[in-house]
Amino acid sequence: MTTPVIEAKALTKRYGSQVAVDRLDLTINKGEVFGLLGPNGAGKTTTILMILGLTEPTGGTIATVGFDPLHQPLEVKRRVGYLPDSVGFYDNMTGRDNLRYTARLGGIPRIAVDSRITTALERVDLVAAAERPVATYSRGMRQRLGIAEIIMRRVDVAILDEPTNGLDPQSTQEFLELIRSLKAEGMTVILSSHLLDLVQSICDRVALFSNGKIGVMGKVTDLMRDVLGATTVIQLDAEGFDTAKLEGIAGIERITRLADGSWRIDASRDVRGEVARRVIEAGANLERLSLGMATLQDVYTRFFEGKRHAA
Amino acid sequence: MQPEQKSGITAPRKGWIQSVKDGFDGFSGRTGVREGSPWTGLGAVVEREFNDNLTSTRMRMLQALVFVTGFAAAYSAIGQIKDVVGEDPFVFLKIFTVSKEPLPSFLAFLGFLIPIVAITLGFDAVNGEFNRRTMSRILAQPIYRDALLVGKFLAGLATLAVFLVALWLFMMGLGILLLGLAPAGEEILRSVLFLIAAIAYGGVWLAIAILFSIVFRSTATSALASLSLWLLFAVFWPMIASMIAGVISPIDPFDPRTQIAAFDTQQSIERLSPNTLFAETAMALLNPSTRTFGLVMMSQLQGMVRGAPLPLGQSLLLIWPQLASLIAGLVLLFTLAYIAFQRQEVRA
C-alpha cells in the first residue's frame with residue numbers, strides 16, 4: 001500500500017516576475033527515498049521550502065504528512081526534519097548542546113532528551129566529538145550532526161538539501177549508509193542533489209527539475225528506458241574501423257565518436273558479440289569492447305540537451 | 001488513502017500578535033489563520049540567547065568599559081559632593097548627575113554608552129543567523145518565527161536589565177562607601193525609576209539594532225547603520241534641530257513671541273531623539289528641583305522657592321510624556337522589526 005506523504009498540485013512560486021516553481025505536481029509516498037535532481041536554480045530548494053511551510057506558495061496546493069504547511073506549520077515541522085544545504089550550527093556551543101537546544105525547541109520531554117541525543121550521536125559516530133564546540137567540526141561532521149538532529153527528533157520525513165555537497169568520497173559513502181539505515185527504519189527521505197551517481201544508487205524514484213518544472217519523474221531504470229531508449233552502453237576501441245560497418249545490427253540506438261578509433265554505442269541490449277564479429281570481419285584491430293550500464297548522468301545530459309535543442 | 005483533513009473544528013487561539021498580524025495580512029493579500037501557539041519554544045530561545053549574550057566576549061569587554069567609566073565618574077562626583085553634604089536632601093542622587101572636569105557626569109556617560117551596549121546586543125540578531133546558516137535549520141523546528149524574534153528581543157532586554165541593575169547596585173554601594181551615607185527611601189525610589197527609564201532607553205536602541213539586523217543582510221552594514229543613527233542622535237541632533245527650527249519658525253527680533261515659538265519647535269524636534277527623551281527623564285528623576293524643560297516666564301516664578309525639590313509625584317508628572325514616548329517608540333520599532341521579519345524570505 002502506498003500512502004502519500006507529500007502531495008503537491010499545481011504548486012507555483014514567483015519571486016517578483018521570476019517564476020521559481022511553475023505549476024508543479026508531485027506525489028511522494030511513505031517509505032520512499034525520493035531524489036530531486038536538476039541544475040542550480042531549477043526550483044529544488046524552493047520546492048523543499050514550500051513543503052516545509054518556510055515559504056508561502058504563490059499558487060496551488062500542498063499537503064505534507066496530511067497537513068497544510070501554511071496554516072498548520074507546527075504540525076508539519078514536528079513530523080518533518082530538514083537538513084539545509086551547508087547546514088550551520090552555533091559554533092561556540094558543543095555538538096551536544098546544539099542538539100539539546102533543538103530538542104527543547106521541538107518539545108522533546110526533558111527526561112528523554114539526553115538518552116535520545118546519545119543514541120543519535122552514536123548512530124552518526126560523533127560521540128567522541130560531542131563535547132567539543134562545533135567550531136572545531138569538519139564539514140562532514142556538521143552534516144552528520146544534522147542527521148543526528150533528524151534521528152533524535154524521530155521524524156517521519158527527512159528532507160536533505162544537497163547533503164553531500166563538499167564531502168570527500170569516504171564521507172559521502174558513510175553518508176549514503178546513514179540514509180539507507182534511515183530508510184530501513186521506515187523514514188521517508190527526500191534528497192536534492194546534482195551528484196547523480198549518488199542519487200542513482202539510493203533513490204527509489206527521482207524527479208528531474210528544469211526551470212521550475214519537473215521534466216521527467218519515475219524510477220531510475222524507467223527513466224533510462226524512456227529518455228535514452230537504451231540501457232546498455234558499450235565502448236568500442238578499434239583502430240582503423242569504420243562504424244558504417246555496424247549498420248543493420250538490431251538494438252543499436254546510436255553511435256557516438258569519442259576519439260580516433262574509439263566509439264560509444266548505446267543499445268537496448270547487449271550487442272557485443274555482433275559488434276566484435278563485424279570488427280574482425282572488417283579486418284580492424286579490436287582493442288577494447290567493454291560493457292557499461294547507462295547512468296543517470298546520461299539521462300540527465302540527454303534530457304537537458306533535448307531541452308536546449310527544443311528551445 | 002487520503003490523509004485526514006482537519007475541518008476547522010478546533011478553534012485556533014489568537015494572540016494579540018496574531019491579531020496585529022492578521023491586520024497586516026489583510027492588506028497584503030494573505031489569508032487564513034495559523035494553528036498553534038506562536039510562543040512555542042520561546043523559553044528555549046530566550047534561555048539560549050541570554051546565555052549567549054552573557055558569555056560573549058564583546059559583552060564582557062563593554063561591561064568592563066562601562067564599569068570603569070562609571071567608577072571614574074562617580075568617584076570624581078563624590079569628591080565634588082563631599083563639600084556640599086548636608087545642604088541638599090538628595091545628596092545621594094548627585095552621584096549620578098554631578099560632574100567634575102574633565103570627566104562628564106555618570107548620567108552623561110550612560111546616555112552615551114547604553115545605546116552602544118544595546119547595539120552590541122542586537123546588531124547581528126537576525127542576519128547573524130543567516131550568515132551562520134542556522135536560520136533555515138532553526139525555522140524548520142516546530143516553532144513560529146515569532147518565538148525566535150521575541151525571544152531574541154526579550155533575551156537582549158534581560159541582558160540589558162541585568163547589566164544596568166548590576167551597575168546601579170555598584171553605584172549605590174560606591175555611594176554608601178565613599179559618602180558614608182545611606183540613601184533615603186525616596187532616593188532609592190527615584191533611582192529605581194531611573195533604572196526603568198534606562199532599560200526602556202536601551203530597549204529602543206535594541207529594537208533599532210534588531211530592525212537593522214533584519215533589513216541588512218551583512219552584519220557590518222547593520223552595525224554601521226545603527227552606529228550612524230546613534231552618532232546622529234548623540235552628537236548632531238541638537239544642531240540639526242536648531243537648524244530645522246530656524247527654517248520652520250524664523251525669529252523676528254521685534255516679536256518676542258516668535259522666539260518662544262522657535263524654542264518650542266526646536267524642543268519638539270529634539271524630542272524625536274530617544275537620547276533627549278532619556279536625558280530629560282533622568283534629569284527630572286535624579287534632580288528633584290527640575291521643574292520644567294521649557295521656558296519659564298517671570299510671572300510663573302512668583303512665589304516659587306528656588307531650588308526646592310518637587311515631590312516624586314510631580315516629577316513623574318513632568319516626565320510622564322517622555323517615559324511614555326520611550327516605551328511607545330520601543331513598541332513601534334519592535335513592531336516594524338516584527339513585520340519585516342515575518343515577510344522575509346528564508347532563502348538568501
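Q: Why are Glu32(A) and Arg205(A) called buried?
A: The word buried stands for a relative accessible area under 20%, with exposed meaning over 50% and partly exposed in between (1.4 Å probe, protein chains only); Glu32(A) falls in the buried class, and so does Arg205(A). This is a predicted model, in which local features need pLDDT of at least 70 and side-chain atom pairs count only at pLDDT 80 or more, while totals for chains, interfaces and linings use all residues. Residues are numbered from 1 along each chain as its sequence is written, chains are lettered from A and ligands numbered from 1 in the order in which they are written, and side-chain values use heavy atoms, with hydrogens and water left out.

Q: What makes the contact of Glu32(A) with Arg205(A) a salt bridge?
A: The term asks for a side-chain nitrogen of Lys or Arg within 4 Å of a carboxyl oxygen of Asp or Glu, and between the side chains of Glu32(A) and Arg205(A) the N to O distance is 2.5 Å, so the pair qualifies. The two partners come from distant parts of the chain, 173 residues apart, with Glu32(A) in the loop between β2 (18-29) and β3 (33-37) of chain A and Arg205(A) in strand β8 (residues 205-210) of chain A. Strands named in this way are DSSP runs of E with at least two residues, helices are runs of H or I with at least four, and both are numbered from the N terminus. Over all chains, the structure holds 28 salt bridges.

Q: How do you know that Asp114(A) and Arg100(A) also form a salt bridge, and what does the pair tie together?
A: Their side chains meet at 3.2 Å, N to O. Asp114(A) belongs to helix α4 (residues 110-123) of chain A and Arg100(A) to helix α3 (residues 95-105) of chain A, so the pair ties together parts that are 14 residues apart in sequence. Asp114(A) is partly exposed because its relative accessible area is 39%, and Arg100(A), at 32%, counts as partly exposed too.

Q: Why are Glu274(A) and Arg269(A) called partly exposed?
A: Glu274(A) has a relative accessible area of 27% and Arg269(A) stands at 34% relative accessibility, and the side chains of Glu274(A) and Arg269(A) meet in a salt bridge of 3.2 Å, N to O. In chain B, salt bridges that share partners join Arg48(B), Glu49(B), Asp52(B), Glu129(B), Arg132(B) and Lys152(B) into one network.

Q: Why is strand β10 of chain A described as largely enclosed?
A: Of the 8 residues of β10 (residues 232-239) of chain A, 6 are buried, so the strand is largely enclosed by the rest of the structure.

Q: How do you know that β10(A) pairs with β12 of chain A?
A: Two strands pair if DSSP finds at least two bridges between them, and 6 bridges join β10(A) to strand β12 (residues 262-267) of chain A, the two running antiparallel; the partner of Val233(A) in β12(A) is Asp266(A).

Q: What makes β5 and β9 of chain A edge strands?
A: In the open sheet of 6 strands with the order β5-β6-β7-β3-β8-β9 (chain A) and mixed pairing, β5 (80-83) and β9 (213-218) each pair on one side only.

Q: What makes β2 and β4 of chain A edge strands?
A: The open sheet of 3 strands has the order β2-β1-β4 (chain A) with antiparallel pairing, and its β2 and β4 (59-64) each pair on one side only. Strand β1 (residues 4-15) of chain A pairs with β4(A) over 5 bridges in the antiparallel sense, and Ala8(A) stands opposite Ile62(A) in β4(A).

Q: How do you know that helices α8 and α9 of chain B pack together, and at what angle?
A: Helix α8 (residues 145-179) of chain B and helix α9 (residues 185-215) of chain B pack at an angle of about 145° with their axes 9 Å apart, where axes are lines fitted to C-alpha atoms, for helices over the stretch in contact, and angles run from 0 to 180 degrees between N-to-C directions. Contact means heavy atoms within 4.5 Å, and among the residues that make it are Leu149(B) and Trp168(B) of α8(B) and Ile188(B) and Ile214(B) of α9(B).
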